[in-house]
Amino acid sequence: MSDPIIQFEHFGFQYNAQSEPTLYDINLTVRKGEKVLIAGPSGCGKSTLAHCINGLIPFSYRGESSGTLKIKGKETGELGIFGISRTVGTVLQDPDGQFIGLTVAEDIAFALENDCVAEPELHERVQRASRMVNIQDHLGHAPNELSGGQKQRVSLAGVMVDDVEVLLFDEPLANLDPATGKTAMELIDEIQRQTGAAVIIIEHRLEDVLHRHVDRIVLMGKGRILADTSPAELLSGSWLADSGIREPLYLTALKYAGVTIRPEMHPESIEALTLDEEDQKKLRDWFHAVPPAPEKPARPVQLRAEGLGFSYPGKGRQTIRDLSTQIRQGELLAIVGTNGAGKSTFSKLICGFETQQQGTLQFEDEDLAALSIKERADRIGYVMQNPNQMISKVMIFDEVALGLRTRKMPEDEVRERVEETLKICGLWPFRSWPISALSFGQKKRVTIASILALRPKMIILDEPTAGQDYRHYTDIMEFLTALNRRGITVVMITHDMHLMLEYAERALVFSRGRIIADTDCAAVLTDPAIIREASLKETSLYELGQRCGLEDSRAFVRRFIDYEREVFRS
Amino acid sequence: MTNIFNYIDRPSPIHRLTGATKLVCLLLWSFAAMATYDTRLLVFLALLSLVLFRVSRIGIRDVSFMLGFTAVFMVLNNLLVFVFSPQHGVELYGSSHVLLRLGGRWIITKEQLFYHLNLVLKYLATIPIVLLFVCTTNPSEFAASLNRIGVKYTIAYSVALALRYIPDIQREYHEISQAQQARGIEMSKKESLVKRLKSASAILIPLILSSMDRIEVISNAMELRGFGKNKKRSWYMARRFTRWDILAMLGSALLLAAAILLNVYNGGRFWNPFI
């Protein structure tokens, strides 16, 4: 066994501002060249653990610690945050937020500049690091000229430039589309092989991380380590279900079919998975036993877009090109596609934030062009991704009442309407709370409530579940489904393929300003051409179906979704 | 997206000077132009700045917006000076050659016109050089330049960061204001000032809150990569001084010296042709 590089011994930590410790009795060793995934639901302490490893704790966030944490045999207290940063390189979650330099080259050079590395060496090392992550052709680019994946490469180069021995990734997949996420995991794997660095990944998207080999998974819950074992062992146990982490979809399907997951089946990835004839038969039998969901009756068209064309001033290419589509009343619809494909612009045209140069938009036989932003908002609500971008009041009640008050509704009516909305949104118990006391997910609910108070017939949500763990994700999505059952049309712009598969009835796939597919989600996520063009990822269920000798694997994916919805509904 | 640094990359000797040189020259030049009202020197500076503009290959069209803006400001400034102190020239130069009586105190004199000429020349001597600096200095190099002339690098870097984040914050402001308009926050000029201030808070509070998140991320990212570790740091974009840098700075220093010498020789800031 190689030397330990990070050693926690009976380590505990409590933030100064909090009454309870965040970490209890952590015992964890990471050795040179290892690849460790740290998983756990929100609030389990995994980010705090990461902060301890890179030195933000105790040097930026203050608190009381107990036990010991050694990096390369030295106590972190002696090393200081700058000492630790020589050994541990951190790639943070938000690739945009951590981009410091005005250009790629300057950002990569940042750590070296702070070390006073001078001229020829500085340029040469930046070159070398940029080649490692294959960004050397973009050295002069500004951050807004790069895609999310490229920005992440720059962040990676920015820590690689220092020849660190540990690479720490804090939710590396959170802001990437599925295909880019897949490439990111491949890149991390390759970098590790080249440099021999230890890699620690903090992530709750297990299936996506396991796309490449991982030595160990450390599962956390409520500030403690619940399991520290190989992926195969972990996936065969019941730890995941108990701690509210989503297991890989193909395993869920196997469990539905009554297959017991055993470590020797190599459950850690769909590629490695081996199924004996008996298991395959169980899955086939399950497929044939589950009845297909009944077709839903066609509902009237609510929103009709005809020949839309739009380009931002100063940009040559059209962001939306000759786009026509329909959204039906009461639908639960997903809009997917890469960044810049025109998804957000399409929703901005609907809400009236931008005006199309060609084409028309009709909402329930009314031409939207005749309506102002405010008037459209009475029909179609828009919820931004980050709730902090919408909240401007101190109290929940006032925030939800804001839109009604600006519409000069009498105060007693406002009260009645807000109270009703708060009840629908499950915020009634918090009605007299200040917003600052709420969690991120609850704030999200407040912003949705503030839009619902206007009683729109359709709501458009930008990445409704971004940054949420499985439990909160399920909460939000069940809430949206409940709204949908009340007859509100729900349109979600998303990168999350699970969300699409599990909840959306239909998907509009955008690519370069056009809709390249308009069909049910199972069809989208099993079609290689669409997957490639829209930067999505094939669902592992499809391969599972094929492995088990099902001829119509797409029907299998559909069956799984129908069954899953039944399970959730009951 | 507009940036306050409207850097235009063109091959020219002015672009090749380091940012630090250009900053020093700008400071020396503007001190010179501020120090004196000597018409001869101001004419010389104005002409020289036009020549430099030519050399830099920056066209009038590239800076037309800023030029228009300052032209309006200049006209306004002159008008106000005349309205409020029409006899300022007479007081300064100690003689009065009347040209036209508009009634009351408003008498047009040769002295007053000459004073206005100097005022206009001051604009002509400084504005082009400021625009030249803005258009020919790579923003990436600016922080390094500030650090070079003695500003602490932590402060210099905050300037660079502001430049980095201005486009992001502009975009975010735009997005927030759209979403808030949908909720009925009126930002149009039809509303009263009080109402608009109230509306502005509905946009600014979310903007500030999300900017705070941003600041936390960036300061962590910087600290994790060793910002503030040493008293000094190197700069990726820093460039070595060449002969031309030294010459440019010497030339600018000479201009300032000339301005000071003329002030001594003239016995004040004004050159008086009326004696």
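1. The crossing of α7(B) past α8(B) is right-handed.

2. Which residues of α7(B) and α8(B) meet? On the α7(B) side you'll find P139(B), F142(B), A143(B), L146(B) and N147(B). Facing them from α8(B) are Y153(B), A156(B), V159(B), A160(B) and L163(B). By class, this contact has nine nonpolar residues, one polar and no charged ones.

3. Before you zoom in on α8(B), a word on confidence. Among the elements of chain B, α8(B) has the lowest mean pLDDT, at 85, while helix α10 (residues 243-266) has the highest, at 93. For chain B as a whole the mean is 87, and 96% of the residues reach 70 or more. Where pLDDT is low, the predicted coordinates should not be read in detail. For the complex, the predictor gives an ipTM of 0.83 and a pTM of 0.85.

4. Next, helix α3 (residues 39-56) and helix α6 (residues 110-136) of chain B. Their axes come within 9 Å and cross at roughly 30°. The cut-off for roughly parallel is under 35 degrees, so α3(B) and α6(B) fall in that class. α3(B) passes α6(B) in a left-handed crossing.

5. Among the α3(B) residues are L42(B), V43(B), L45(B), L52(B) and F53(B). From α6(B), the contact includes F114(B), L117(B), L121(B), K122(B), P128(B) and I129(B). Sorted by class, the residues here are 15 nonpolar, five polar and one charged.

6. At what angle do helix α2 (residues 19-35) of chain B and α10(B) pack? The angle is about 15°, and the axes are 9 Å apart. α2(B) and α10(B) are therefore roughly parallel to each other, and α2(B) passes α10(B) in a left-handed crossing. The α2(B) side of the contact is made by T21(B), V24(B), C25(B), L28(B), W29(B), F31(B), A32(B) and A35(B). From α10(B), the partners include D245(B), M249(B), S252(B), L255(B), L256(B) and N263(B). The class count for the α2(B)/α10(B) contact is 13 nonpolar, three polar and one charged.

7. On the overall layout, chain B is divided into domain 1 (13-138 + 238-266) and domain 2 (151-224). Note that domain 1 is written as two segments. How many Å apart are the C-alpha centres of the two domains of chain B? They lie 35 Å apart.

8. Over in chain A, two backbone details deserve a look. The peptide bond from I57(A) to P58(A) is cis, with omega near 5°.

9. Where does K222(A) sit, then? You'll find K222(A) in the loop between β9 (216-221) and β10 (224-229) of chain A.

Note on methods. Residues numbered from 1 in each chain as written. Chains lettered and ligands numbered in written order. Predicted model: local features only at pLDDT ≥ 70, side-chain atom pairs only at ≥ 80, totals over all residues. Heavy atoms only, no water. Left-handed = near helix turned anticlockwise from the far one by under 90°. Helix = DSSP H or I, 4+ residues; strand = E, 2+ residues; numbered from the N terminus. Contact = heavy atoms within 4.5 Å. Nonpolar A, V, L, I, M, F, W, Y, C, P; charged D, E, K, R; others polar. pLDDT = per-residue confidence, 0-100. Domains from an automatic or database assignment. Axes fitted to C-alpha atoms, helices over the stretch in contact; angles between N-to-C directions. Parallel < 35°, antiparallel > 145°, perpendicular 65-115°, else oblique.
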